[in-house]
Every structure is written in structure tokens, then in C-alpha cells.
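Hi everyone, thanks for making time for this.

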Amino acid sequence: YTVEHKLIQLQAATGMHRFILFVELLHHLSNSQEYLMLHHAGRFQALHPKEDQVLQRIYAYIHSKYDQDIQLHEAAQLANMRKEAFCAYFKKRTLKTFTDFVNELRIHKSIKLVKEHGKSISEAAYASGFNNISFFNRKFKEIMKTTPTLYLNTKK
């Protein structure tokens, strides 16, 4: 079963059979682990130039320290905000909490370390800022919808 084959069938089908094939295709796609994230940093709303500069400073901070202990209060200071206001601001702009954003970045960095640099999963987890393998595994599964081992074995 391939998506290409199903699309060819869908194109040739008519009526109710076409609808059924379409639903089957959607079902297959929704359950598939074979996908490529085109952009993993999240969606963003249109920003005012000054807001864009604030977010760029925050992103630069996160990217420069993703493998270290990232402090929420430091990010809030970069935005000249209290922690509570910063959290609301960041979530409104990125549609993610600050912690979720950092964890997603770390997961994607760990994947890159395994794929491109041949690190083991645990080496990559520690090198990307996780201090606990069980927490890394839990976050990986939450974000990528599979375990690190299964994901990396199917993506080779």
C-alpha cells in the first residue's frame, strides 16, 4: 500500500467508492510514521518589527544554550518582561509554551546528532541538554509520537 497507488485509484474512482478511498487515504496518512517535518519550530503570527526583534533575541538565546540549563527568567529579561508576562507573550506568538519549545528544539537537535554525527541516543540526549534519559524518552515519544529507537531505526 502506497500513497501514490491510493491516489491513482482515487483519481479513477467515482461516487461512493471515491469517497471511501479518500477516507482510507486520510486514515493511512494520519497513522503513518513516515513524514518529514518541514518546520519544527512552530507557527507564528504576523509580528510587529519590534516584536520580531524580541523573538529573534529569544531564539538566539535558546539556540546558543539548548545544550545547557536554559533559564526562563533569563529569556524573560531578554524580552524586558516579568516571567508571567513573558510566558503569555511567548505562547501567543509561537503557540507553544517556552518549555515545550525548548524541548522540541532539543529533541530535533538530538535526532540530528544521531543521524549526522553517529552519536548514540543517550549521548545525543545528554548533548542536546537533557539531564535524564527517562525524561528524554518521555518527551521524545510525546513530540515524535514514537520511541527514539523506533524513530531512528525507521528513518535511516
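**Asn80 and its loop**

Let's begin with Asn80, which counts as exposed at 69% relative accessibility. For this talk, buried means under 20% relative accessible area, exposed means over 50%, and partly exposed is in between, with a 1.4 Å probe and protein chains only. Asn80 sits in the loop between α4 (72-78) and α5 (83-94). Its phi is positive, about 55°, although Asn80 is not a glycine.

A word on where this comes from: this is a predicted model, where local features need pLDDT of at least 70, side-chain atom pairs count only at pLDDT 80 or more, and totals for chains, interfaces and linings use all residues. Residues are numbered from 1 along each chain as its sequence is written, and side-chain values use heavy atoms, leaving out hydrogens and water.

Now look at Lys145, in the loop between α8 (133-144) and α9 (148-154). Lys145 is not a glycine either, and its phi is positive, near 65°. With a relative accessible area of 57%, Lys145 is exposed.

Let's step back to the whole chain. How many helices and strands are there? The chain has nine helices and zero strands. Both kinds of element are DSSP runs numbered from the N terminus: helices are H or I with at least four residues, strands are E with at least two. Of the 156 residues, 33% are buried.

Next, salt bridges, meaning a side-chain nitrogen of Lys or Arg within 4 Å of a carboxyl oxygen of Asp or Glu. By this rule there are five. One of them joins Glu24 and Lys6, at 2.9 Å from N to O. This pair links distant parts of the chain, 18 residues apart: Glu24 is in helix α2 (residues 15-31) and Lys6 is in helix α1 (residues 3-12). Is Lys6 buried or exposed? Lys6 is buried, with a relative accessible area of 7%, while Glu24 is partly exposed at 36%.

Another salt bridge pairs Glu142 with Lys139, with the closest N and O atoms 3.3 Å apart. These two are three residues apart in helix α8, so about one helical turn separates Glu142 from Lys139. Lys139 is buried at 14% relative accessible area, and Glu142 is partly exposed at 42%.

Finally, Glu84 and Arg82 meet in a salt bridge at 3.5 Å, N to O. Here Glu84 is exposed at 53%, and Arg82 is exposed at 57%.
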